[in-house]
Amino acid sequence: MSDATLNSVTQDPGDFAVQIADQIKTFIVAVTEVSKVDEPEEAVPVLLLQVSQLLLAGGRLGAYEDVLPDERYEPDLGAEPDADGLRERFAALLEPIDVYSEVFDPYEPRKAPVPHRISDDLADLVTDLSHGLAHYEADRTAEALWWWQFSYFSNWGSTASATLRALQSLVAHIRLGQPLAELDGLDTDQDPGEDDLAEEAGRVMLEEIAGPLGLRPVK
């Protein structure tokens with residue numbers, strides 16, 4: 001293992017927290033701005049980039065030594081930020097491609113795919129990350145790092161990974177000239193079996209998204 005790799009794993013907590021906080025702030029600001037655009041073709045490439053960069057921060061948190069908070073009980077942060085507006089804007093913006101299927105735990109044998117929504121995932125990510133950011137901005141660096149690390153393992157890491165797979169798959173379908181399957185009638189309120197996912201698939205025509213994105217299918 002190189003010295004650079006070792007340093008990134010055992011870096012001074014103060015410097016490490018500054019870098020992680022900067023990455024998280026950038027993600028929250030960028031995603032909030034993307035939610036205000038008018039067309040999905042404007043949003044998808046930026047979301048792909050931002051979620052990828054967020055997972056780099058998550059990987060650094062996962063590789064970093066265990067962080068312990070200064071206090072046994074988490075200080076009260078008051079009311080949690082309301083992400084419903086962000087969720088609703090993305091639900092409207094990404095309506096043709098919002099629902100996707102994901103296996104929650106790839107190590108759980110014969111686990112059936114379940115429906116997720118990109119809009120829900122993005123709102124959940126912002127909520128989780130903002131919670132730690134509130135600690136950071138209140139000068140509770142250890143608490144912020146502990147929360148970001150803990151919630152990376154328990155929630156937002158898997159959420160971001162699933163979202164990235166959906167976004168990457170979306171762009172890959174377009175680049176490779178493979179029409180997308182519309183999950184017709186599939187929603188996050190139901191729990192279809194693995195066979196049902198295929199049976200309920202319709203179509204989202206390639207030109208709906210590929211044209212505006214400026215992507216051309218492979219001949």
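Close-up 1. Beyond residues up to four places away in sequence, I28 touches V126, L129, S130 and L133. This is a predicted model. I28 is found in helix α2. Its relative accessible area is 13%, so I28 is buried.

**Close-up 2. Helix α2, from its start to its end.** Helix α2 covers residues 13-34, 22 residues in total. At 1.5 Å a residue, helix α2 should span 32 Å, and its end C-alpha atoms are 31 Å apart, which agrees. At the start of α2, a side-chain oxygen of D12 comes to within 3.0 Å of the backbone nitrogen of G14. The buried residues of α2 are F16, A17, I20, A21, I24, F27, I28, A30, V31 and V34.

**Close-up 3. The largest nonpolar core.** This core has 45 residues. Which of them have the most contacts inside the core? They are F27, L47, L54, F90, L129, W148 and W156. The elements giving two or more residues to the core are α2, α3 (40-63), α4 (84-93), α5 and α6. Helix α6 supplies the largest share, 13 residues.

**Close-up 4. W156 and its neighbours.** W156 is one of the residues with the most contacts inside the largest nonpolar core. Leaving out residues up to four places away in sequence, W156 touches L54, G58, L61, L125, D128, L129, W148 and S151.

**Close-up 5. Aromatic pairs, with Y136 and W148 in view.** The structure holds seven aromatic pairs. One of them joins Y136 and W148. Y136 lies in helix α5 (residues 118-137) and W148 in helix α6 (residues 141-175), so the pair ties together parts twelve residues apart in sequence. Are these two residues buried or exposed? Y136 is buried, at 18% relative accessible area. W148 is buried too, at 0%.

**Close-up 6. The ring cluster of W146, W147 and F150.** Ring pairs link these three residues into a cluster. The rings of W146 and W147 have centres 6.2 Å apart and planes at 55 degrees, so this pair is tilted. W146 is partly exposed, with a relative accessible area of 24%. W147 counts as buried, at 15%.

**Close-up 7. Q149, a buried residue of helix α6.** Q149 is found in helix α6. At 5% relative accessibility, Q149 counts as buried. A polar atom of the Q149 side chain lies 3.3 Å from the backbone oxygen of Y64. Neighbours within four places in sequence aside, Q149 is in contact with L61, Y64, E65, D66 and V67.

**Close-up 8. The bend in helix α6.** Helix α6 has 35 residues. A straight helix would reach 51 Å at 1.5 Å a residue, but the end C-alpha atoms of α6 are only 42 Å apart. Where does α6 bend? The bend is at Y152, by about 70 degrees. Just after α6, G177 takes a positive phi of about 70 degrees.

Notes:
Residues numbered from 1 in each chain as written. Predicted model: local features only at pLDDT ≥ 70, side-chain atom pairs only at ≥ 80, totals over all residues. Heavy atoms only, no water. Phe/Tyr/Trp six-rings, centres within 6.5 Å; stacked < 30°, edge-to-face > 60°. Helix = DSSP H or I, 4+ residues; strand = E, 2+ residues; numbered from the N terminus. Buried < 20%, exposed > 50% of the residue type's maximum accessible area, 1.4 Å probe, protein only. Polar contact = N/O pair within 3.5 Å; in protein donor to acceptor, adjacent residues only side chain to side chain. Contact = heavy atoms within 4.5 Å. Expected span 1.5 Å × (residues − 1). Core = buried A, V, L, I, M, F, W, Y, C linked by side-chain atoms within 4.5 Å. Bend = angle between axes of the 7 residues up to and from the residue.
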